[in-house]
Amino acid sequence: MDGYEEGSDGGPAGPEGPEGPERPEGPGRPEGPADSPETAPEAPPATAPEARVGIAGLKLGYQIAAACALALIAVASCVHIGMLFFHVAPSNTLTKQHGDVIDAWVYPEFEQNWKLFAPNPLQQNIAVQARAELRTADGGVRTTDWYDLSAQDGAAIDGSLLPSHTRQNELRRAWDFYVGSHDAQNRPVGLRGQLSEHYIRRIAHMRLDRERPGGEGDAIARVQLRSRTTNVRPPKWSEEKVSAKPVYRLLPWWPVASDDLPLAGAEGATR
């Protein structure tokens, strides 16, 4: 008998049965149409619309409001810069005609104490000095020597890494304030002149009180100030001739009121 039996259809049947030899399995097996069904190509992902940023992302009404606000800020900035420019610029037709408007805009918040295009640097040393008239404990009157307040301020800030703003500017700006609001006869010009008198008088009283010029029971009755102006020497190569002699401006005696030092009463009560 042969090693092969007949199959049901009369043909020889293989060792595995009538279907014939089995197809190989494994990674090397070729894939046919029946093994991997045909898949449709994937559609490209939909791109989201770009998000608007800034004013463009706002609604129309808010966009209009923001645009109007920016326009007002731009106009105000241009006006402010223009006012400051004409304030520090040399005298011209516009500043002569509209100087009051420019000053009203600038003062007092935006004051500029420098000039544009050709600033004239200070060529003088100005020292402010003060003395006091004391009412002594026995009822007499005594006048102290002159105290150089500017020299004291200079010594306090000389070599200091963090100089005091008060030491640098309080006395100097107070004196400039007084000189700018008084005429050559020390007469006040307007309300600013009277205000400058009270201000410089309080500073002088406070500074002299710190020095303790009198003895026990002595009190400051009046104060007097003067300025000593000395020209800065020109450089050696300059042919300019200036006087080295100091020039003094003497102010009248000012009586000291009890309210010139608002904290004096409180300090005396705590001692």
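**Close-up views of a predicted model**

View 1. I55, L58, Y62, L70 and I73 make a nonpolar surface patch of about 500 Å². The structure shown here, as in every view below, is a predicted model. I73 has a relative accessible area of 53%. I73 therefore counts as exposed, the cut-off being over 50%.

**View 2. The loop that holds T136.** T136 sits in the loop that links β1 (124-135) with β2 (141-143). Is T136 buried or exposed? T136 has a relative accessible area of 15%, and because this is under 20%, T136 is classed as buried.

View 3. With neighbours within four places in sequence left aside, the residues in contact with T136 are V141, R142, G217 and D218.

**View 4. Strand β4 and its pairing with β1.** Strand β4 covers residues 219-231 and pairs with β1 in the antiparallel sense. How many bridges join β1 and β4? The pairing runs over 12 bridges. Among the paired residues are I126 and its bridge partner in β4, T229. In a regular strand, side chains point by turns to one face of the sheet and then to the other.

**View 5. Pairing of β4 with β5.** β4 is also joined to strand β5, residues 247-250, by 4 bridges. The two strands, β4 and β5, run antiparallel. In this pairing, R249 of β5 stands opposite S227.

**View 6. Pairing of β4 with β6.** Strand β6 consists of residues 254-255 and pairs with β4 over 2 bridges. The sense of this pairing is antiparallel. Which residue of β6 is the bridge partner of R222? The partner of R222 is P255.

**View 7. The two ends of helix α3.** Helix α3 is made of residues 149-157. At the start of α3, a side-chain oxygen of D148 comes to within 3.4 Å of the backbone nitrogen of S150. After α3 comes G159, which has a positive phi, near 80°.

Notes
Residues numbered from 1 in each chain as written. Predicted model: local features only at pLDDT ≥ 70, side-chain atom pairs only at ≥ 80, totals over all residues. Heavy atoms only, no water. Buried < 20%, exposed > 50% of the residue type's maximum accessible area, 1.4 Å probe, protein only. Contact = heavy atoms within 4.5 Å. Pairing = 2+ DSSP bridges. Patch = residues over 30% accessible without salt bridge, like charges linked within 9 Å, V, L, I, M, F, W, Y side chains within 5 Å. Areas by Shrake-Rupley, 256 points an atom, 1.4 Å probe, with all protein chains shown as cover. Salt bridge = Lys/Arg side-chain N within 4 Å of Asp/Glu carboxyl O. Polar contact = N/O pair within 3.5 Å; in protein donor to acceptor, adjacent residues only side chain to side chain.
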